[in-house]
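Here's a quick tour for anyone opening this structure for the first time.

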Amino acid sequence: MTKEQYIKKILRKIKATDKIKKRIRADIETEIEDLEDTGLTLDEIMLQKGDPQKVADEFNQTYSDTAMQKQYGRQKGLKTTAAALLSLSALTFAGDVLRNALQGAINSSIGIIGGADGPTRIIIASDGFPGRITAIFAGGAFLILGLIFLAAFLIVKRKSER
Amino acid sequence: MVLLSIISRKRTYGYEIILNLNRLEDSVFQNIKEGTLYPVLYRLEDAGLVVGELSVSESGRSKKYYEITNLGISVLQGMKDFWESYKKCIDQFVKEDYHD
């Protein structure tokens with residue numbers, strides 16, 4: 001494991017805002033570099049400092065129930081919800097495109113049958129249309145909601161960085 | 001108060017503070033870890049008592065140093081005065097020859 005990987009692992013496990021993590025990173029980097037200056041190897045330093053989870057747990061314990069950790073919880077909640085809604089939106093649109101493509105393939109084969117029987121082709125082809133509108137509305141709703149949550153996350157994050 | 005005292009002596013960095021805290025024999029701060037120390041340093045920094053900044057060390061590496069501010073110096077003096085009077089008061093009660 002490199003120094004950067006070790007620090008990243010610690011930071012990933014710390015429940016803190018990005019602003020606090022930036023400060024922690026600077027201090028941990030200083031600490032590791034200072035130990036390197038004493039002649040210790042990175043492996044020895046990592047052994048001395050301990051497992052990233054253990055290091056992170058100490059920070060989490062100190063920050064437990066603080067306003068900063070509550071702020072982190074809010075940020076994480078908004079970020080996760082935004083990501084889930086935007087993924088749902090993308091899936092809905094992708095699903096619709098796929099369904100449309102399949103429908104097109106089916107319709108073209110129906111079209112051959114419909115060539116012999118005109119009215120049948122028209123009835124089957126129009127059947128998929130209301131489902132498509134629902135998919136577009138659902139995808140659009142997920143997209144708008146996702147963007148609202150993303151904007152809320154960015155606002156909260158920006159406020160915390162001031 | 002302990003951290004402010006250490007930082008008031010000279011510009012220092014997190015790990016050096018940990019070493020200072022562990023240096024004294026029977027120190028109550030022995031085994032203090034970065035997970036406890038750094039959040040306290042950030043609180044001092046947010047309160048304007050210390051200032052932390054990245055600068056290049058003698059070895060040519062970039063290190064985050066902490067330095068006490070003027071506000072920090074006056075707050076530390078106030079804390080020291082309070083500690084002296086507090087200690088004096090408590091000592092009067094815990095002395096073996098104390099009688100009420």
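This is a predicted model: local features need pLDDT of at least 70, side-chain atom pairs count only at pLDDT 80 or more; totals for chains, interfaces and linings use all residues.

**Nonpolar cores**

- The largest nonpolar core holds 26 residues, and the ones that touch the most other members are A:Ile10, A:Ile14, A:Ala16, A:Ile24, A:Phe59, B:Leu41 and B:Val50.
- From chain A, helices H1 (3-13), H2 (18-37) and H4 (52-63) each bring at least two residues to this core; from chain B, helices H1 (2-9), H2 (14-23) and H3 (34-46) and strand E3 (62-68) do likewise.
- H3(B) is the top contributor to this core, giving five residues.
- Another core lies apart from that one, and its six residues include A:Leu78, A:Ala82, A:Phe142 and A:Phe149.
- As a bit of background, nonpolar side chains tend to be buried together in soluble globular proteins.

**Where the chains meet**

- How many residues does each chain put into the contact? Chain A puts in 17 residues and chain B puts in 15 residues.
- On the side of chain B that touches chain A, the elements giving two or more residues are H2, H3 and E3 of chain B.
- H3(B) gives the most to that side of chain B, with six residues.

**Two crossing helices in chain B**

- The axes of H2(B) and H3(B) come within 10 Å of each other, crossing at roughly 115°.
- Is the crossing of H2(B) and H3(B) left-handed or right-handed? It's right-handed.
- On the H2(B) side, B:Gly14, B:Ile17 and B:Ile18 do the meeting; their partners in H3(B) are B:Glu34, B:Leu37, B:Tyr38 and B:Leu41.
- That contact of H2(B) with H3(B) is made of five nonpolar residues, one polar and one charged.

**Chain B as a whole**

- Chain B has four helices and three strands, and reading along the sequence gives the pattern α-β-α-α-β-β-α.
- Of the 100 residues in chain B, 23% are buried.
- Take the contacts in chain B with a separation of 6 or more: 42% of them link residues 24 or more positions apart.

- The average pLDDT for chain B is 85, and 95% of its residues score at least 70.
- Within chain B, H3(B) has the highest confidence, at a mean of 91, while H2(B) has the lowest, at 84.

**A residue to look up in chain A**

- A:Ile32 sits in helix H2 of chain A.
- Why does A:Ile32 count as partly exposed? Because A:Ile32 has 19 C-beta neighbours inside 10 Å, and a buried residue needs 20 or more.
- Setting aside neighbours within four places in sequence, A:Ile32 is in contact with A:Lys3 and A:Ile45.
- A:Ile32 and A:Lys49 are 17 residues apart along the chain, and their C-alpha atoms are 9.2 Å apart.

Definitions and conventions: Residues are numbered from 1 along each chain as its sequence is written. Chains are lettered from A and ligands numbered from 1 in the order in which they are written. A nonpolar core is a set of buried Ala, Val, Leu, Ile, Met, Phe, Trp, Tyr and Cys residues joined through C-beta atoms within 7 Å. A residue is buried if 20 or more other C-beta atoms lie within 10 Å of its own, exposed if 12 or fewer, and partly exposed in between; C-beta atoms are placed from the backbone. Two residues are in contact if their C-beta atoms, placed from the backbone, lie within 7 Å. Axes are lines fitted to C-alpha atoms, for helices over the stretch in contact, and angles run from 0 to 180 degrees between N-to-C directions. A crossing is left-handed if the near helix is turned anticlockwise from the far one by less than a right angle, and right-handed if clockwise. Ala, Val, Leu, Ile, Met, Phe, Trp, Tyr, Cys and Pro count as nonpolar, Asp, Glu, Lys and Arg as charged, and the others, Gly among them, as polar. pLDDT is the predictor's confidence in each residue, from 0 to 100.
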